[in-house]
Amino acid sequence: MKKRLLGVVVFFVFFLKFFFSYGVSDETSTFNRDSLQSLEYNRKGVQAFRKGDFEESISSFNKSLFYTTKIFGENSTQIVTPLINLGIPLKNLGEYDKAIENYLKAESILISNFSENYPRLGLVYTNLGTVYKLQGDYVKSNEFQRAALRVLKNDSIRYESQIENVTYNIAEGLFLLNQYDRAIQSCKKNIEFVDDEVKSFYYSLLARIYNEMNELELADEYYQKTLNILKKIKGDDHYELGLEYVNYSSFLLSIGDFKDAFEYNELSAGILEKYFTKKSLQYSDVMINYADYYFSRNSEAAGIQDFNSKKREDLLTAMEYYQEAIISATENFESRNINENPAINLAISEIQLLKIMKKKAHSFEVLADLDLSGANKEEALNNYLSALESISLATELVHQIRTGFVSEDSKFFLAENQDATFIEAVNITYKLFQLTGDQAYAEKGFEFAEKSKSASFLAAARDSKAKEFGGIPDSLLNREDYFKINISNYREMLFEENQNDDPDSAQIAFYNSKIFQLSEQYQQLVQLFEDSFPNYYSFKYLNEVVDVEEVRMGLSEKEALVEFLIGEPIDRDDKGQIFRFVITKDDINFITNNVDYGFVEDIEYLYSFLASPNYLYTGLNDYKGYVKSAYNLYSELIKPQAEVFEGKQLIVVPDDKLSYIPFDAMLSSLSDTTKLNFRNLPYLVNDYSISYTYSATLLFNYFENDKQASKDLLAFAPSYTSSGSSDSVRTSLLPIPGIDKEVASIGDFLSADVFRDSMALEGEFKKLAPEYDILHLAMHTIINDTLPMFSKLAFSSPHSGDSEDGWLNTNEIYTMDLKARMAVLSACNTGSGKLQKGEGVMSLARGFLYAGCPSIVMTLWEVEDESGAQIMHDFYRLISKGKGKNEALRLAKLAHIKKADPLKAHPHYWLGYVAVGNPDPLYFGKEIYFILVIIGLVILFIVDQFYRKNKARRKPGF
């Protein structure tokens, strides 16, 4: 949009003023000439941009910037407009880094000369938001658009048209963030108050939204409205119309209207080739549409052989166009050989290249499937290998994009939207494994699966180590800590303000402003790290995960690791896929099976049944539902490898909704359901010790083994009665009757320092926790699914003058440096939270892992006090005897079932506790001492025999 893209040229007046004020000296004459040159080149730049000649526009704006800088200096506000204007065609040609550099310089000048709330900053921020959108960072783009709106409103009359444009950008951002209903609401709220040009963008946006929502008639209707407006106000040959033809052609392809799709793409190509070079993202999009056309169309065929022949021809043509699209989206890559791919660093847009590589990989895969159906195994193998090369590049691009994001929200969004990329990669390796039997493909599949797990968590850990080895001065690291702490504090204050019955809008605006400014400064600091410290950069961007051989080395003979990757069916008409990697000390199994939506329903029913607070009122139908779902899940997930698992302890790497359920709740056979009998069900807890980990890399490659705490165990059990606190949330917390008994019993087996009631303070925990080997927290939790980093543990109300607020949130735990080998989070719901695709459940427990604690015992729902206390008593008794955490927890659960009456044998009472991370024992049991005594006696016996023989040899003969 012209109004949105071009800054207001306000410096003409200043030039004219100086021109007429000065005399006719040589110096003045030079000034006047430079002023006129600057004005003329700016005019030419605007003119060239309007024509779509972006390269000429860049050249003219550069010259305008040169003369303006010559006259006014590098830090003058007069150079802001040419900086903004120059950034726009740079952005259109995909030179994002140069565009950002110009915008950031303009921002710095405006803030230093005016303030952080100066309205003209809105022009900078909206353009920066557009660049981040094109780079695929939709979260950051939305932040910049909202910042633009906030500052523009400080002069809403002067910047009325810019506010309209930014309001549209925010609506588009909601669409890109998959918030379709909010996006539609925003469009319909504002569309009646804008001119036809902006209206065309709203119509186009509504068309895209309705297409994603599968409301195809509405989508088509809005595309037609868009095209009609653009023809009316822009003409039949304008580049904006050409760009909309690209969008409409893509829509027609998606609904199978191939004839019209091809014709509209031809129209777009005819227009856009006049404005954009073949090295542009716009031309790349045209090539993608041609490729999609040949990939998707159905050719008439006389028979199966003819169909296969024509389909093969179309697939090869599609890949030729995908190759053209790659050439357009990269620098210095010209190969038209479909088997060749560019280096990542040649991408004009990483997000565009990622899109093409996924399509190219899928085309090779379909071609290989076609070859295999015709019994051409050799050709199928070659095409599967080409598919593997293409999808490997795609996964590397995901890593590159993710690592370049500073915001964790941006990383999470990317992980969620690229989950299918890794599933496709694993699927290709599975087909190669099936075709060849070569274990290397199973190992490659495992690598892809690992790269899809907890990627943001591991990236943060890798970034932390990169700073350690990158040579970054302490002063800069302290600056980073300052930004992180303050951003976190303002986000928490913003969240708390929004929870009020009558939130203060001015306070909310202030918090948003501070978060935005601090986040931007933090981003610039991280960029400084990358630009100035090569060791930091190289370590940060490593994309290494644990391999199969490392996993084998880390496993004992009695352990098996099973890792899942799930392509979940989205509805009842869809089919999903489960991939499983089962690794033991000397083998790897790689299998897959298809599932229908009943699989999802079984998971949801099982969790709902186990976590329900109405467990006391379980009826026979609920019981039958549990037995059925628990057995169905066992049949899908465990039974196919039951022989491999026999006699082994299981380490489970779950995926997607499996992260919510304890596997020992599954049943190994169907049982009699004519009456309720929870005690005698064939739970997997009877057969296996089970522990969990977010990823194998996290388990085997993340934690330091040389940490050693000076003290044994630290336990906290706060009281919530008569606190005198004005905090309404804290005063609403009910007492937990069983926690005193729970923490008291720990001292029966281990040396424990226990802080109870009013002494169980957050400040004390922060101060003491780094000194202890085991941490035990028995308290309430407040789960925040909206902002998982602000889920919190509820300590006792702080004393007067205490600097802590008594709420230990996940974000604060992340900043701790713990030496503990185990944290037992006996609080309710410590393992529950928001499920983040590609990351797992965003729980409090993750914070303790990040802080360096390799093993967590956590709860998946609200545990019942008395049974929880007994399970913890037995757990610590077994831990002190040298049992592993998983085995100790298993035996404690079995003890509960054995002692429980029919009611308390209900799984809700005992299944909530799970062990995450390193399952190894913390202590040697008595058995080891017995073995050592036996070994010592054997050694003594051997020494004694040796001595006796030598003595006999030395006796004199007769």
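Predicted model: local features only at pLDDT ≥ 70, side-chain atom pairs only at ≥ 80, totals over all residues.
1. **The main core.** The largest nonpolar core has 154 residues. Tyr125, Phe446 and Leu561 have the most contacts inside it. Nonpolar side chains tend to be buried together in soluble globular proteins. What does Tyr125 touch, once its neighbours within four places in sequence are set aside? Its contacts are Glu107, Ile111, Phe144, Ala147, Ala148, Val151, Phe516, Gln517 and Glu520. A second core is separate and holds 121 residues. Ala560, Tyr634, Met858 and Ile879 are among them.

2. Helix 21 covers residues 439-451. Its 13 residues, at 1.5 Å a residue, should span 18 Å. The end C-alpha atoms are 19 Å apart, which agrees. Asp438 caps the N-terminal end of this helix. A side-chain oxygen of Asp438 lies 2.9 Å from the backbone nitrogen of Ala440.

3. **Helix 21, its buried residues.** Which residues of helix 21 are buried? They are Tyr441, Ala442, Gly445, Phe446, Phe448, Ala449, Glu450 and Lys451. Residues three or four places apart in an α-helix point the same way, because the helix has 3.6 residues a turn.

4. Side chains of opposite charge can pair when their charged atoms come close. Lys451 and Glu396 form a salt bridge, at 3.1 Å from N to O. This pair links distant parts of the chain, with Lys451 in helix 21 and Glu396 in helix 18 (residues 377-404), 55 residues apart. Lys451 counts as buried, at 9% relative accessibility. Glu396 is partly exposed, at 27%.

5. Glu365 lies in helix 17 and Lys431 in helix 20 (residues 419-436), so the pair ties together parts that are 66 residues apart in sequence. Is Glu365 buried or exposed? Glu365 is buried, at 3% relative accessibility. Lys431 is partly exposed, with a relative accessible area of 21%.

6. **A local pair, and the wider count.** The structure holds 45 salt bridges. One joins Lys767 and Glu764, at 3.4 Å from N to O. Both residues sit in helix 33 (residues 762-768), three residues apart, and are separated by about one helical turn. Lys767 is exposed, at 54% relative accessibility. Glu764 is partly exposed, at 23%.

7. **A buried lysine without a salt bridge.** Lys360 is in helix 17 (residues 350-373). Lys360 is buried yet makes no salt bridge. How far away is the nearest side chain of opposite charge? That side chain is Glu389, 7.5 Å away. A salt bridge requires the atoms to be within 4 Å. The side chain of Lys360 does reach a backbone oxygen, that of Ile338, at 2.8 Å. Beyond its neighbours within four places in sequence, Lys360 is in contact with Met319, Tyr322, Gln323, Ile326, Ile338, Glu340, Asn341 and Ser390.

8. **Two residues with positive phi.** Most residues other than glycine have a negative phi. Asn178 has a phi near 65°. Where is Asn178? It lies in the loop between helix 9 (160-176) and helix 10 (180-190). Asn178 is partly exposed, with a relative accessible area of 37%. Asp656 also has a positive phi, about 55°, and is not a glycine. Its loop runs between strand 4 (649-653) and strand 5 (690-692). Asp656 counts as buried, at 10% relative accessibility.

9. **A distance across the model.** Phe201 lies in helix 11 (residues 196-212). Phe201 is buried, with a relative accessible area of 17%. Phe201 and Ile515 are 314 residues apart in sequence. Their C-alpha atoms are 30 Å apart in space.

Definitions and conventions: Residues numbered from 1 in each chain as written. Heavy atoms only, no water. Helix = DSSP H or I, 4+ residues; strand = E, 2+ residues; numbered from the N terminus. Expected span 1.5 Å × (residues − 1). Buried < 20%, exposed > 50% of the residue type's maximum accessible area, 1.4 Å probe, protein only. Polar contact = N/O pair within 3.5 Å; in protein donor to acceptor, adjacent residues only side chain to side chain. Lys, Arg positive; Asp, Glu negative; His and termini not counted. Contact = heavy atoms within 4.5 Å. Core = buried A, V, L, I, M, F, W, Y, C linked by side-chain atoms within 4.5 Å.
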